[in-house]
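Hello,

Here is the structure I said I would pass on. My notes on it follow below.

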Amino acid sequence: ITIGNPSWASTYVVMDAPHTLEAVYTSAVECIIVKEPYHTWGSIFVDGIEYPDSGSITKWWGLGSIHEIGVTTIDSLGRERYLFQYWSDGGDTFHTVGPIRDGVVFTANYVKQYFCTITKEPAEDYGCIWVGRASFLGAHYWSDWMDEDTLFDVEVSELDVNEPAGAMYIFDHWSDGEERRHTVGPLMGYFDLVAYYNSRYKITISKEPSDDIYGTITLGDTTYTGEPGVWTVSTWVAGGEVYPMTVSTPDLARDYIYTFDHWSDGGELLHNIGPVDTMQSYIAYYRRDTLVLSFEVTPDNVWDLGSIYTGTTVRMEEGEEFNIENTSSVPVDFGLEIYSTGHVWTASYSSSVDRFALFGRFQDTRPDVYLCPSDWIKHGSLFWASAIFFGPGGFNVPPPPDPDRFEKLWMEFVAPTVTSTYERQTIIVKLFVRPHL
């Protein structure tokens, strides 16, 4: 006869002939198998029988008997679990106890753990996450079971850069409001920490053709300039935002004028890009033409005042004005400067001893008044016509064949109040031209 386990109250036998089995009883003692900390997740095993959802089992075992006990290694419920550590008697997870000599408590010691996570938002794998002394390079997510009551530091990298992809992420704040490196614990439950980052993406704007450096590039509120200009700009902008983008036109180089033609993305000269979520490159294509600056003055370039008294104010009459035609290839501005005052007299904003004043205005009709200092023509200082200087005209004068390419220049001369010479005086005024920007 074969008895499966002679010391077990419930077992099996293999019989090859008639036999009589006698159950032998002896004195019994109370034995307890218990989980610490106490919990009812998982199972306890006694002599091959599983007791599910049990935190403790009490058995009465006979003196001298031998038994097998065990527990589940991991008892979990959602994001909390108990992880088996050791038995009070030093045995394995499943092991034999006995012979039983007295009542005893067998304690299965566990540690309670919580499932914790750290996530970077937006998700990117170019930095690092630190938890305690462990580092996780190139990770945007971390998770693990952490022991109850523990303290540990958490930290994320401050700047994550993916240069080939033109992406950059700058740490902004934790979901729990703590510093970039801070201590978590004592741990009493699971956590889901989120490290929020501000995304940046590289935007490159270029001009074609690029064999000259000219003009400006504007992105958002920033206009990029240089000396004499810029042809390309690379900068980092905030992700998820919309930015206005434009370039200057026309752009002037040494021998050429560049006029905007079209963008590589098909947008208008000034248009919005975004919301930006990747690295982007844009090209502004220009037409290149030869730059010509020229003008003609008719019928001549002389205003002869003849003989006048000291202190006299003389204004051009109809027919005495200078008629100027813009014959350039681009819109232009005109400028005025006294080049020479003669041998004795000098120029000033008002007349006095050997001092005269000269004023000029660009307009279609004879002026009724000349203003000082806005119409004053200075000696040795070039001033360009604008909405402030030299009247309402003289700037942004269109090229041929535009009918508005003509300008009239009127002048007023205030003679010295006292003169030390009565010889003929010749005053030379230079007329300058520049492309209108």
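**Notes on the model**

Valine 13 lies in strand S2 (residues 13–14); strands (E, at least two residues) are DSSP runs, numbered from the N terminus. The model is predicted, so local features need pLDDT of at least 70 and side-chain atom pairs count only at pLDDT 80 or more, while totals for chains, interfaces and linings use all residues. Residues are numbered from 1 along each chain as its sequence is written, and side-chain values use heavy atoms, leaving out hydrogens and water.

Valine 13 counts as partly exposed because its relative accessibility is 34% (buried is under 20% relative accessible area, exposed over 50%, partly exposed in between; 1.4 Å probe, protein chains only).

Strand S11 (residues 104–121) has 13 of its 18 residues buried, so it is largely enclosed by the rest of the structure. Which strands pair with S11? Two strands pair if DSSP finds at least two bridges between them.

- S3 (residues 28–36) is parallel to S11, with six bridges; isoleucine 32 is opposite valine 105.
- S9 (residues 80–87) is antiparallel to S11, with seven bridges; arginine 81 is opposite glutamine 113.
- S14 (residues 141–147) is antiparallel to S11, with seven bridges; tyrosine 114 is opposite methionine 146.
- S19 is parallel to S11, with five bridges; threonine 119 has valine 194 as its bridge partner.

Regards

Methods
Helices (H or I, at least four residues) and strands (E, at least two) are DSSP runs, numbered from the N terminus.
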